[in-house]
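A short briefing follows, grouped by topic.

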Amino acid sequence: MVFKCQEDSFLKQFTTRVVNCEPASLQWSPPNLTELHELKGFNVIFENTILFPEGGGQPCDYGTVNGEPVRSVIRRGSKAVHFVESTKPFEEGTQVQQRLDWQRRLDHMQQHSGQHLITELFDSEFNYETNSWWLGSEISYIELNTKHLLSRESLDLIEDKANDIIREGKEVKVVLVDPASAEMEGVRARNLPKDVEGAVRVIRIDGQRDNMCCGTHVSNLSQLQTIKLLFAEKTKTGINVYFVAGLRVIKRLGDCFQREQQLNLALKGGPTQHLDLLQKLQNNLKATKKSFQKVLKDLAIAEAEKLERMPRPLPKYFCLHRKDGIEVEFINTFLRHAPEEICLYFITVSEALLGGNNPTKGHMVLRGTSDLVDHFSAKFLTILEGKGSGKDGNFQGKINNVDKIPQCEALLEEYFQVQKSVAQAS
């Protein structure tokens, strides 16, 4: 079946009748978001529809039916199944009003027609066939059947030719062709779905090879406005060429300009200086990091020497907790210079005082006699909600709740007090 949306891709509202309506639920995420929500509603089939069902690399349309939102449209054989988010069912045989989300449709038509144009140009210029394509929410890509990564010059060549053709304003026609007829010879097409019945849609653009396609398209290439090829990258099966067309080019330009203004403020210089300023920042960062590592080493050694100077006998255990973002290397340097007669070291570092991205997370190290390390490591990981491993008296791990470190210290104090009492009693 050819749906109304395929007969007239510019039709924004349409009156039809309900054929079937069944209760249903849908895992759905709003555009540009990833979090899924379970929606309750109905799967509805109409006599016809202006809402395109997902297929041919093109996502489905959105819209409304009698004011109720349509969140998904899929093709089931010759029928289009609409998930309508509604608390009330639609009675079979009743007349309803469909309204199309036109901005989403226009965007999809521009990207899809743009894909046909650049697919044809890569074929004619480089003899690269398109294996597949994907229409994303921000950018789209075609997958070319080649292993040769395209240069920027090659992308610019295709882009220039595409925009020259767009300015010519060539008409885009949609015709129905019998798949068994001689007219299908020369039509670019992949295998037809097994459930397709009757004539197939063929997209015709003057001067280009005909394409079999189920999607919605502009009626004139001038409606694409412009195409921008962004970049190409290798995949396991070919080369993906990423692009935007029409209103997406304008939006992307606006987004890039906003980022440019933000960089101007952050770097204190204009676009022509950005690379030099970033290089300067990187050099300063390397120098600062090198100095920081020296200070870190000196601080760790100073802490170890302070412990070494303590009156003997030294305590049975020693705890040291840094919450100012000091790196793990601080622990390693400290332990290399710390007195060996202490039975157990319990050292942690975190960013709790700095309020970083994860202020309750940190790194823990236990070092000492094997029996003590084995005794406390599992208990501390449970309290601090972490995981780790170790052997031969050395244990380290990631922890997720530095606020509970005092509970671990309390266990140490209790254990060694008991040990002291036992020793005194004996």
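A nonpolar core is a set of buried Ala, Val, Leu, Ile, Met, Phe, Trp, Tyr and Cys residues joined through side-chain atoms within 4.5 Å, where buried means under 20% relative accessible area, exposed over 50% and partly exposed in between (1.4 Å probe, protein chains only). The model is predicted, so local features need pLDDT of at least 70 and side-chain atom pairs count only at pLDDT 80 or more, while totals for chains, interfaces and linings use all residues. Residues are numbered from 1 along each chain as its sequence is written, and side-chain values use heavy atoms, leaving out hydrogens and water.

**Nonpolar cores**

- The largest nonpolar core has 58 residues, and those with the most contacts inside it are Phe-122, Ile-227, Leu-229 and Val-241.
- Helix H2 (residues 102-126) gives this core its largest share, seven residues; helices are DSSP runs of H or I with at least four residues, numbered from the N terminus.
- Apart from this core lies another one, of 20 residues, among them Leu-372, Phe-376, Ile-383 and Leu-384.
- Ile-227 touches several residues, including Gly-114, Leu-117, Glu-159 and Val-244, not counting residues up to four places away in sequence; contact means heavy atoms within 4.5 Å.

- Leu-278 has its place in helix H5 (residues 274-308), and Leu-278 counts as partly exposed because its relative accessibility is 39%.
- Glu-303 also lies in helix H5, but Glu-303 is buried because its relative accessible area is 15%.
- Leaving aside neighbours within four places in sequence, Glu-303 is in contact with Leu-320, Arg-322, Phe-330 and Phe-334.

How values were computed
Helix = DSSP H or I, 4+ residues; strand = E, 2+ residues; numbered from the N terminus.
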